[in-house]
Amino acid sequence: MAASITLISLLLTLRLLSSLTSALSAPSPLAEQNASRLKEALYSPAGKLTLSPEIIIPEPSDPTAILLQSSAVKTLSERIRTEAKANAAWIHGSVTAVQTFCSEQEQARGNFPGPVPVVYCPSSSNDCTAEDMESLVGSGAAGILATLSKGEAISTAEEISSVDDDVTSWCSLALKTGLQPIPEIILADELAGSLVEADISTIVEQVSSKLGFDPVSVVLTVNPPVFDIDDDDDEGDTITFSLPQVPKALGKTTPIIGSVRVAAGENRINKETAR
């Protein structure tokens, strides 16, 4: 009889531990809600390119600048929604700046156009703690950018499997908090132009396997070669480097966001955006 009681107690303990482990590893209901929101915003039913502006908001240093910036961020937030017609806003800056931006977006709930989801872009995972994540979720942010390989460009898809485990645990923490981690992969120049559709699918599979979940989106960042612009010669403004080929079927399940880094000045950003 004692042996039976001990066995029952052991089974109950194992079930409790199993339930506890499952609760700790599972994303929160808010994370699932944000996943639906981000997928709906980033997915393009018509298969056309959509725009996701990336905004850098510097940290002000004096009280006057803080007040001025708060007003400027609110104005920017409104224009992103009403004029730019963006599908999401990706923000680099302080948690306070994100809170101000999200607060203005929330005022548009129930109206048209409605609020756009906000993705926070920290400089690194070390710059965003669990406390910061709680504040971001509380302000209304839906996602957080997770740059893989410590921001280093990868030369092969297989390199994703060697991603630092700290990023994996950091993404799990974000999910438990309610944020959707969106992985960013920086592609080496020689790799970006050689990728075909099957390679992109392999990269997304590698990311999902490494992180332990299917991301709502994946950001592929490429660095175009340095080029000179001749304002008097439009023919010389063409950039010939190749971008990765993304399979349309993949975009229906995991929207792929292309991020092209180009130096400011000499109208480079306008030219690259138009291209």
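pLDDT is the predictor's confidence in each residue, on a scale from 0 to 100. The structure is a predicted model, with a mean pLDDT of 80 over the chain.

**Confidence**

- Of the residues in the chain, 82% reach a pLDDT of 70 or more.
- The pLDDT is below 50 over residues 1-25, a stretch that has 2 contacts in the model beyond near neighbours in sequence.
- Residues 226-234 likewise stay under 50 in pLDDT; for them the model has 10 contacts beyond four places in sequence.

**Geometry and start of helix α3**

- Helix α3 comprises 20 residues (residues 63-82), which at 1.5 Å a residue should span 28 Å; the end C-alpha atoms are 29 Å apart, in agreement with that expectation.
- At the start of α3, the backbone nitrogen of Thr64 has a side-chain oxygen of Asp62 within 3.2 Å.

- The buried residues in α3 are Gln69, Val73, Ser77, Ile80 and Arg81.
- Because these residues cover an arc of only 90° around the axis, they lie on the same side of α3.
- The cover over the buried residues of α3 includes β1 (54-56), β2 (89-92) and α4 (95-106).
- Thr64, Leu67 and Leu68 are exposed and sit on the face of α3 turned away from its buried side.

Note on methods:
Residues numbered from 1 in each chain as written. Heavy atoms only, no water. Helix = DSSP H or I, 4+ residues; strand = E, 2+ residues; numbered from the N terminus. Expected span 1.5 Å × (residues − 1). Buried < 20%, exposed > 50% of the residue type's maximum accessible area, 1.4 Å probe, protein only. Arc of directions from axis to C-beta. Contact = heavy atoms within 4.5 Å. Polar contact = N/O pair within 3.5 Å; in protein donor to acceptor, adjacent residues only side chain to side chain.
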